[in-house]
Structures are given as structure tokens and as C-alpha cells.
Amino acid sequence: MPETSLKTPLNALHRELGARMVDFAGYDMPVQFEGIMAEHNHTRTAAGLFDVSHMGQVLLLGQGADTALEALVPSNIRELKPGRQRYTMLLNERGGILDDLMVTRRPNDLLLVVNAACKKDDIAHLGSHLPAGVLLTVLKDRALLALQGPAAEAALARLVPGVARMKFMDAASFDWSGTQLWISRSGYTGEDGFEISVPAEDAEALARALLADESVRPIGLGARDSLRLEAGLCLYGHDIDTTTSPVEAGLVWAMQKRRREQGGFPGADRIRKELSDGPTRHRVGLKPEGRAPVREGAELTDADGAAIGQVTSGGFGPSAGHPVAMGYVQSGFEQPGTVVQAVQRGKALPMTVVPLPFVQQTYKR
């Protein structure tokens, strides 16, 4: 563990609970508590509590903040309603993805949640492109918790009753014992759940209050990864990066009609051409034959051994009951049922292209 690793406000609690800690994006983070399989299954059947305080929380304030952000992303930000959250992507001039993020319209500002490994570059990118009058503020004094799973609503409503009225992608401010919480009904597991922004000094007390519910257990990064992979959700730096367009990644759903038709965002020419003509590669779900997982980086080939793509995420899906993977294949190989080969440790392993996600998503619509 690097001595310079940053610590979240829950670091001491993680260690008290027996977490195995690893360095992740420069932070000392829990990879598991009782075991990845057990934590994964508990989140799918009850409620898991994740520390995601390493992610960046950023405010954009001032007149025209929505227009300024919309010029950097392919999503409709100007018409995002108060109390609603939207997934989007920062793009470079080639239409590649600099980061994926969540944007919430609050009463007087926009709240952005960005990935930990990208937040320094994201903040610099935003700062260099925002016009005068739009202020960027980094929230360094708040933690972020995620409560996920079918029992999440009941567990959180025990402390904050109003959350039961929320629907998927709603966001609102709540009072908990004099502490202001900013809560969204969203997450990264495919399950119903919430993300809770809390003052750093109150984060441990909130975590302990949630863990006092018998349905809630602490969950580490290991199960977070297997949960999001089963849910068909991208991990930045693996399934999407600066070379990937939203069309290739299957993220066109995050581009509302007005933006697809009008453009006005970085890389719009490439992206709109891919929308009309189709991309040259596609992100797909992949199911390996047998019980052996196929890992990230494995080359994908056709039946003759010609390279056609690469696996970007792979592992065993505890809820799916079999190995699962995602990757990119050349156009012509993306249809479900197509059989490709993954080259792993010198062996060609058959994989079938399958629809995403691997498990049904249970968001509260």
C-alpha cells in the first residue's frame, strides 16, 4: 500500500470491520470484507453499503451553467428538470470519452459526480472550457455512500422516510438528525438503490446507522465490479476510454433526440456519422463456454483466427451462474448468437455474443 494513498472519511470504519484494503485510484479502499461472492449475493438479495467517497463531487454555479456543460457532453442538460439526474459523458474533439459522469439539477446549481481516476483531469478540462460567470466548485468536505439492493429503500427510509417516494434518477435534499443529505435514487449495480452525499464529518455516523439494520452489510470494490459487469455497466478506463465513442459503446440512449439531431458537442461529426452509417466496432456481452472466466485483454478472433476485437471486462457472474464478459467486436460480429474465439494463455476459447445486461435491472421506475 503506497504511503501516500488518500483516505476516505470511512477508512477507520473499514479497518474496524476487517476489510482487506487496496490502493485504487490513489485511495486506500476496501476490496472485500467477508468475500466477493458473499458480498455480491447479499447486495442482490438484501442491501449492500459501498463507500464511493473517492469519486469527485463538483458544483457548477452561475447563469448559463447548463448551456456551458451541454457544449461539452452529448446529452440534453438545458432541459434537465430540477430534482432529476442524468448520465452523460465528457467528450474530446474526436468524440472519444474523457469520462462518464452523473449530472443533477439542484435548485441553484448542477452537481456532477465524476470518476475517481479521472477527477483531476475532469476538473481541469471543465475549468478550461467554462465561460466567465460559470463557477466550478469542488466539494472536498463531503463523502459519498451508495446503498444498493432490494432492501435499500426500507433500510434508508428507516432513517430518512421521504426517500420511499423517490423514483429512479430522482434527487433531493433531506435532513437526517440535523445533517443535510443529498440523495439520488441511482447506483452502479443494476439494483434499486441510492447514492448519498453527506458531510465528511457525519459520514461514519451515517454508515453505522445504516449498518445497524440487519439487512445492510458493507461491500467492497470486488463485488462492486462483479455487480456492475452483470448489469452491463461500463467501467471507465476498461470498457470506455478516449478512443471509444458513445455509439461504439452502446450509449446512444444517453444522447437525447435534440442532441443527436443538432450536434453541438465535441466530436459531433464522427458521432453523427456513426449514428447514420453504423460504427466499425460494437460493445457486446460475451458468454464463455464452460466455467472458466475470460479476463480483460483477451484477444477476440473469428473462426479462422483473424483478430476481430478484445475483451474489456470479464469474470464470474455469481447471479448469472456462469462466466460473463464484455468487449468490442468488429461490425458484422455483434449479433446475439454469434460465436467468436477468445485467445487466453495461448488457447482459443469459444464465446457467444449475448444481449446485455446479464441480469435483469430492478430500478424503481
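Three cavities of 30 Å³ or more are present in the structure. A cavity is defined, on a 1 Å grid over the protein atoms alone, as a set of points where a 1.4 Å probe fits but cannot get out; grid points are joined across faces, edges and corners, and a volume is the space filled by probe spheres set on the points. The model is predicted, so that local features need pLDDT of at least 70 and side-chain atom pairs count only at pLDDT 80 or more, whereas totals for chains, interfaces and linings use all residues. Residues are numbered from 1 along each chain as its sequence is written, and side-chain values use heavy atoms, with hydrogens and water left out.

The largest cavity has a volume of about 80 Å³. Its lining (residues with an atom within 4 Å of a point) comprises 13 residues, of which L10, H14, F33, L49 and P218 are the closest to the centre. At least two lining residues each come from helix 1 (11–16), strand 4 (47–51) and helix 6 (203–211), where helices (H or I, at least four residues) and strands (E, at least two) are DSSP runs numbered from the N terminus. Strand 4 gives the most, with three residues. Eleven residues of this lining are nonpolar, one is polar and one is charged, with Ala, Val, Leu, Ile, Met, Phe, Trp, Tyr, Cys and Pro counted as nonpolar, Asp, Glu, Lys and Arg as charged, and the others, Gly among them, as polar.

The second largest cavity holds about 70 Å³ of space. Among the residues lining this cavity are Q57, Q85, W182 and E195. Strand 12 (179–184) supplies at least two lining residues, as do strand 8 (110–114) and strand 13 (193–199); the greatest contribution, three residues, is that of strand 12. This lining divides into five nonpolar, five polar and one charged residue.

Technical notes: On a 1 Å grid over the protein atoms alone, a cavity is a set of points where a 1.4 Å probe fits but cannot get out, and a pocket is an open set with protein on both sides within 12 Å along at least five of seven lines; lining residues have an atom within 4 Å of a point.
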